[in-house]
Amino acid sequence: LLMAAYAILAVALLRSDDVVFSFFGWVWLAVVGWFLIHTLINRAFPPDLILSGEGFKVAGIWRRPLIPWTDIDRFWILKIHVNSYLLYALANQPSRNNIGLWIFRGLPSEADGRLRQTYELDPQRLVNVMNAWKAGHGT
């Protein structure tokens, strides 16, 4: 519904006779299109969480590198309204004092990454599984 409102705004800007409004309409339409394509791809091909003795990785259309269990400091849950996210912090990281990076990544200052809500387990069970794998293989 929100994307439809953004698309209507873009079309309204495109219909303007003013060149500046028309330009922003094209830019806005490109942004809406990019988000729509990105959302559809993520819904069609949700990422898989792959656990191994060496570590874990998220595999999907965009592959992420293996994160070794020995590099993980801890896992925890961040609850925002009705959504819950599994966050992780890497061990032996330098001081996290770059606020711009925290805002850009959308993570709290102590987190180095998060796992999206696309897995079948609820967040508490997923954090228990991840901690059990870390305890069993992260020594």
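Visitor: At the start of H2, which residue's backbone nitrogen does a side-chain oxygen of Asp18 reach?
Guide: The model described here is a predicted one. Helix H2 covers residues 19-44, and Asp18 is found at its start. A side-chain oxygen of Asp18 comes to within 3.4 Å of a backbone nitrogen, that of Val20.

Visitor: How far apart are the end C-alpha atoms of H2, and what span should its 26 residues have?
Guide: The expected span is 1.5 Å times one less than the number of residues. For the 26 residues of H2 the span should therefore be 38 Å. The end C-alpha atoms agree with this, as they are 37 Å apart.

Visitor: Which residues of H2 are buried, and which helix is included in what covers them?
Guide: The buried residues in H2 are Ser22, Gly25, Val32 and Asn42. What covers the buried residues of H2 includes a helix of residues 2-14, namely H1.

Visitor: Is Ile41 buried, partly exposed or exposed?
Guide: Ile41 is found in helix H2. Buried means under 20% relative accessible area and exposed means over 50%. The relative accessibility of Ile41 is 27%, so Ile41 counts as partly exposed.

Visitor: How far apart in space are Ile41 and Ile61?
Guide: In sequence, Ile41 and Ile61 are 20 residues apart. In space, C-alpha to C-alpha, the distance between Ile41 and Ile61 is 8.3 Å.

Visitor: In the open sheet of three strands, which are the edge strands?
Guide: The order of the sheet is S4-S5-S6, with antiparallel pairing. An edge strand pairs on one side only, and this holds for S4 (72-80) and S6 (113-115). Neighbouring strands of this sheet are turned by 30 degrees against each other on average, direction ignored. The edge strands are S4 and S6.

Visitor: Which element gives the largest share of the largest nonpolar core?
Guide: The core has 12 residues in all, among them Phe56, Trp69, Phe75, Leu86, Tyr88, Val127 and Met130. Two or more residues come from each of S2 (55-59), S4, S5 and H4. The largest share is three residues, and the element that gives it is H4.

Visitor: Is Val129 buried, partly exposed or exposed, and which residues is Val129 in contact with beyond four places in sequence?
Guide: With 28% relative accessibility, Val129 counts as partly exposed. Val129 and Leu51 are 78 residues apart in sequence, but their C-alpha atoms are 9.9 Å apart in space. Leaving aside neighbours within four places in sequence, the contacts of Val129 are Leu51 and Leu121.

Terms used: Residues numbered from 1 in each chain as written. Predicted model: local features only at pLDDT ≥ 70, side-chain atom pairs only at ≥ 80, totals over all residues. Heavy atoms only, no water. Helix = DSSP H or I, 4+ residues; strand = E, 2+ residues; numbered from the N terminus. Buried < 20%, exposed > 50% of the residue type's maximum accessible area, 1.4 Å probe, protein only. Contact = heavy atoms within 4.5 Å. Polar contact = N/O pair within 3.5 Å; in protein donor to acceptor, adjacent residues only side chain to side chain. Pairing = 2+ DSSP bridges. Axes fitted to C-alpha atoms, helices over the stretch in contact; angles between N-to-C directions. Core = buried A, V, L, I, M, F, W, Y, C linked by side-chain atoms within 4.5 Å.
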